[in-house]
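Let's walk through this structure together, from the overall fold down to single residues. Keep the sequence and the 3D view open as you read.

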Amino acid sequence: MKKALITGITGQDGAYLAKLLLGKEYKVYGLVRRIVNRDFSNLVYLGIEKDIEYIDGDLTDEASLIHVVKTIRPDEIYHLAAQSFVGTSWDQPIVTSEINAIGTLKLLDAIKHHHPSAKFYHAATSEMFGNSNFDGIQTEDTPFHPRSPYAISKLFAYWMTVNYKESFSMFCVNGILFNHESPIRGKEFVSRKITDVVARIKLGLAKDIKLGNLDSKRDWGFAGDYVEAMWLMMQEKEADDYIISTGQTHSVKDFLDIAFKHAGIDDWSNYVNIDPRFKRPAELFTLQGKSDKAQKKLNWKPKVNFEELVKMMVDADLKRLKK
Ligand code: NAP
Ligand code: GDD
């Protein structure tokens with residue numbers, strides 16, 4: 001039986017990936033940090049919270065990472081843990097860097113010294129491109145120009161992942177994933193913030209929603225599709241980096257339009273207020289990724305389109321709130 005270690009098991013991707021790996025008969029270990037109220041709700045939502053072996057550790061604590069790597073000796077390590085909210089990264093740039101950049105380095109170094117044959121996946125991001133939008137679409141060759149402390153921390157971890165592969169012949173891959181969402185997406189991200197409030201308005205539990213920049217565009221896909229790509233990358237003979245995206249881009253306004261209409265509310269503009277607090281000091285205007293390399297080499301493609309994704313999230317929030 002193959003052993004997989006997932007950092008970030010309690011997050012959106014950690015939960016979907018764990019479900020996928022359990023279905024493939026992996027023994028799944030999840031790294032969990034010590035916080036007052038541990039939240040396993042994403043794993044509960046997917047019905048797998050009892051099927052995972054949890055192990056204590058924190059990305060900022062090197063000794064705990066060494067202990068985890070030495071004790072489990074996983075075949076595959078999926079490193080998903082991060083301070084993942086771009087907005088917070090301007091308010092907490094140091095903790096963002098300590099977790100995302102230095103934390104990744106600590107984990108890579110623990111693997112190098114204690115279990116170098118493990119395959120390593122790093123959760124890189126389209127945020128690293130910033131507004132480098134050559135020909136309107138980003139590929140693996142598009143130059144990076146990170147525009148937030150989050151993106152900069154991820155770019156550091158991206159290059160460390162490449163460097164450990166090149167320097168120590170370790171199997172290290174970067175998945176450069178564009179935005180992906182689901183019914184268990186954190187509520188601070190714009191997609192889930194919208195679907196949660198749309199459901200509340202529909203049920204008479206809320207009156208309006210405060211948002212920031214409605215014109216920014218993202219390449220939004222479904223998390224369940226994207227974790228499949230992570231696994232496929234780790235099954236390749238040679239470690240390589242891949243963009244994972246749908247190739248389509250939509251604005252926050254498009255998202256609002258579908259979400260409100262799906263709940264039977266025609267004009268979203270009656271319910272949306274612009275609040276400067278939700279605007280970013282430096283914005284990424286458009287993200288749109290070309291995932292041709294992954295489609296060709298990994299035989300991966302997204303199954304859920306934008307409209308289906310938005311509707312799935314609204315339906316899930318309506319169901320949850322009705323309960
Ligand atoms: P998420 O829901 O925010 O989950 C983040 C996870 O990291 C949580 O399990 C959290 O644990 C854990 N974590 C945070 N700090 C930690 C620390 N110091 N030590 C150990 N664990 C820690 O993120 P996600 O959406 O699943 O994304 C997964 C990864 O992909 C992240 O690295 C993110 O930056 C990257 N990414 C995401 C997207 C996207 O659109 N979703 C796109 C590109 C890249 P707690 O429960 O303890 O907080
Ligand atoms: N969160 C949020 N809240 N975003 C808003 C709001 C709001 O009220 N109003 C407008 N937006 C805009 C943001 O300015 C941004 O342009 C866009 O909606 C998407 O914001 P988020 O959903 O917070 O995601 P993100 O694109 O910043 O980051 C996500 O995707 C990255 C990959 O591109 C995160 O999952 C990152 O971890 C990930 O790397």
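Contact here means that heavy atoms lie within 4.5 Å of each other. With that in hand, look at Arg185, which sits in the loop between β7 (180–181) and α7 (190–202). Leaving aside neighbours within four places in sequence, Arg185 is in contact with Gln12, His180, Ser191, Arg192 and Met313. Arg185 is a buried residue, because its relative accessible area is 14% and buried means under 20%, with exposed being over 50% and partly exposed in between (1.4 Å probe, protein chains only). Lys290 is 105 residues away from Arg185 in sequence, and their C-alpha atoms are 23 Å apart in space.

Before going further, a word on what you are looking at. This is a predicted model, in which local features need pLDDT of at least 70 and side-chain atom pairs count only at pLDDT 80 or more, while totals for chains, interfaces and linings use all residues. Residues are numbered from 1 along each chain as its sequence is written, chains are lettered from A and ligands numbered from 1 in the order in which they are written, and side-chain values use heavy atoms, with hydrogens and water left out.

Now step back to the whole protein. The secondary structure comes to eleven helices and 13 strands; helices (H or I, at least four residues) and strands (E, at least two) are DSSP runs, numbered from the N terminus. How does the radius of gyration of the protein agree with that of a compact globule? For 323 residues, a compact globule would have a value near 20 Å, and the protein has 19 Å, which agrees. That radius is taken over C-alpha atoms, and the globule rule is 2.2 Å times the number of residues to the power 0.38. Along the principal axes, the C-alpha atoms fill a box of roughly 60 × 45 × 40 Å.

Of the 323 residues, 54% count as buried. Among contacts with a separation of 6 or more, 80% come from residues 24 or more positions apart. The protein exposes about 14600 Å², and carbon and sulfur atoms supply 49% of it; accessible areas come from the Shrake-Rupley method with a 1.4 Å probe, and for residues only the protein chains shown count as cover.

Next, follow the strands, where two of them pair if DSSP finds at least two bridges between them. Strand β1 (residues 3–7) and β2 run parallel and are joined by five bridges. Within this pairing, Lys3 stands opposite Lys27 in β2. Both strands are mostly covered: four of the five residues of β1 are buried, as are five of the six residues of β2 (residues 27–32).

Another strand to find is β5 (119–125). Six of the seven residues of β5 are buried, so this strand is largely enclosed by the rest of the structure. Strand β4 (residues 76–79) runs parallel to β5 and is joined to it by four bridges, with Ile77 opposite Phe120. Strand β6 (residues 172–177) also pairs with β5 in the parallel sense, over six bridges. In that pairing, Thr125 has Leu177 in β6 as its bridge partner.

Ser126 lies in the loop between β5 and α6 (149–168). Is Ser126 buried or exposed? Ser126 is buried, with a relative accessible area of 2%. Not counting residues up to four places away in sequence, Ser126 touches Ile176, Leu177, Phe178, Asn179 and Leu287.

Most residues other than glycine have a negative phi. Arg73, however, has a positive phi of about 50° although it is not a glycine. Arg73 lies in the loop between α3 (62–72) and β4 and, at 42% relative accessibility, counts as partly exposed. Ser169, in the loop between α6 and β6, has a positive phi near 55°. Ser169 counts as exposed, at 68% relative accessibility.

Finish at Pro281, in the loop between β13 (272–274) and α10 (292–297). Pro281 counts as exposed, at 65% relative accessibility. Tyr242 is 39 residues from Pro281 in sequence, and the two are 29 Å apart in space, C-alpha to C-alpha.
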